[in-house]
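Work through these exercises with the model open beside you. Try each task before you read its solution.

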Amino acid sequence: MKKIFVAVTGASGTIYARRFFQHFPYDDWEVHAAVSKSAQIVASHEGGLNLPPHVKEWDEKDLTAPVASGSNKFEAMVVIPCSTATLGKMAHGIADNLITRAGEVFLKESRKLILVPRETPLSLIQIKNMELLTLAGAHIIPATPSFYGNPKTIEELVDTVVARVYDHAGVEAEVSNRWRAEEAKEIKHKNV
Ligand SMILES: Cc1cc2nc3c(=O)[nH]c(=O)nc-3n(C[C@H](O)[C@H](O)[C@H](O)COP(=O)(O)O)c2cc1C
């Protein structure tokens, strides 16, 4: 079974984590997770966050978790949402908790590391940190939802970001409309 590590940090947007866990195809993956102290504080202002029972939760201080070592093979790590603090630490090799240590491990092992920052506006330091992480192999997927699918609810809007995160992580789950997907299907059908 493929393994994924999901970290939730203290950026606004707990709903991104909630939707990520809600749609996740648990039959196909072993899911490990950590929620930072700051994420818990933010969640208490934003509707809360309860991890599903299938998820193996680790304390953010617990460096004995399997994901803290490169010898345990994980397919992907997702930080959703990702604070600029955690992003900055990862960009500079500061591995002072389980989340930043796991980020360091994924980069050194050339594994899929997906960060979903939420901040605006951005300082040059934050932009440079994203540049550094991109050069090091991370995928930066900012929490910037799209509107072309005419989302009717906040959940549907949030799902436009979650869908892109799943795509990059290699997680198979359809959560939002793809641009002109129906039309593309019809064209393919006509050509057969
Ligand atoms: C209500 C609230 C909202 C916040 N929103 C953001 C945000 O949108 N983006 C961000 O990068 N940090 C945000 N922060 C600040 C982070 O929580 C703070 O930098 C924290 O140290 C991050 O720690 P962590 O990365 O270990 O979770 C927010 C803090 C609070 C209390």
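**Exercise 1: A residue in a loop**

Glycine 170 sits in the loop between H6 and H7. The model is predicted.

*Solution.* 
- Step 1. Count the C-beta neighbours of glycine 170 inside 10 Å: there are 12.
- Step 2. Recall the cut-off: a residue with 12 or fewer is exposed.
- Step 3. Glycine 170 therefore counts as exposed.
- Step 4. Look for its contacts beyond four places in sequence: glycine 170 touches Glu75 and Ala76.
- Step 5. Check a distance. Lysine 112 is 58 residues from glycine 170 in sequence, yet their C-alpha atoms are 9.4 Å apart.

**Exercise 2: Another residue of that loop**

*Task.* Find where arginine 180 is located, and class it as buried or exposed.

*Solution.* 
- Step 1. Locate arginine 180: it lies in the loop between helix H6 (154–169) and helix H7 (181–191).
- Step 2. Count again. Arginine 180 has 11 C-beta neighbours inside 10 Å, so it counts as exposed.

**Exercise 3: An enclosed helix**

*Task.* Explain why helix H1 (residues 14–23) is described as largely enclosed by the rest of the structure.

*Solution.* 
- Step 1. Count the buried residues: 8 of the 10 in H1 are buried, so this helix is largely enclosed.
- Step 2. Name them: Thr14, Ile15, Tyr16, Ala17, Arg18, Arg19, Phe20 and Phe21.
- Step 3. Find the cover. It includes strand S1 (2–8), H2, strand S4 (76–82), strand S5 (112–117) and H6.

**Exercise 4: The largest nonpolar core**

*Task.* Which residues of the largest nonpolar core touch the most other members?

*Solution.* 
- Step 1. The core has 56 residues, and Tyr16, Val78, Ile80, Ala102, Ile114, Val116 and Val165 touch the most other members.
- Step 2. Ask which element gives the largest share: H6 does, with 7 residues.
- Step 3. Take valine 116. Beyond four places in sequence, its contacts include Tyr16, Ile80 and Val165.

**Exercise 5: Around the ligand**

*Task.* How many residues surround the ligand, and which are closest?

*Solution.* 
- Step 1. Count the shell: 16 residues, the closest being Thr9, Gly10, Ala11, Ser36 and Ser38.
- Step 2. Sort by class: 5 are nonpolar, 9 polar and 2 charged.
- Step 3. Look at the helices. H2 gives the most, with 5 residues.

Methods. Residues numbered from 1 in each chain as written. Predicted model: local features only at pLDDT ≥ 70, side-chain atom pairs only at ≥ 80, totals over all residues. Helix = DSSP H or I, 4+ residues; strand = E, 2+ residues; numbered from the N terminus. Buried ≥ 20, exposed ≤ 12 C-beta atoms within 10 Å, placed from the backbone. Core = buried A, V, L, I, M, F, W, Y, C linked by C-beta atoms within 7 Å. Contact = placed C-beta atoms within 7 Å. Near = placed C-beta within 6 Å. Nonpolar A, V, L, I, M, F, W, Y, C, P; charged D, E, K, R; others polar.
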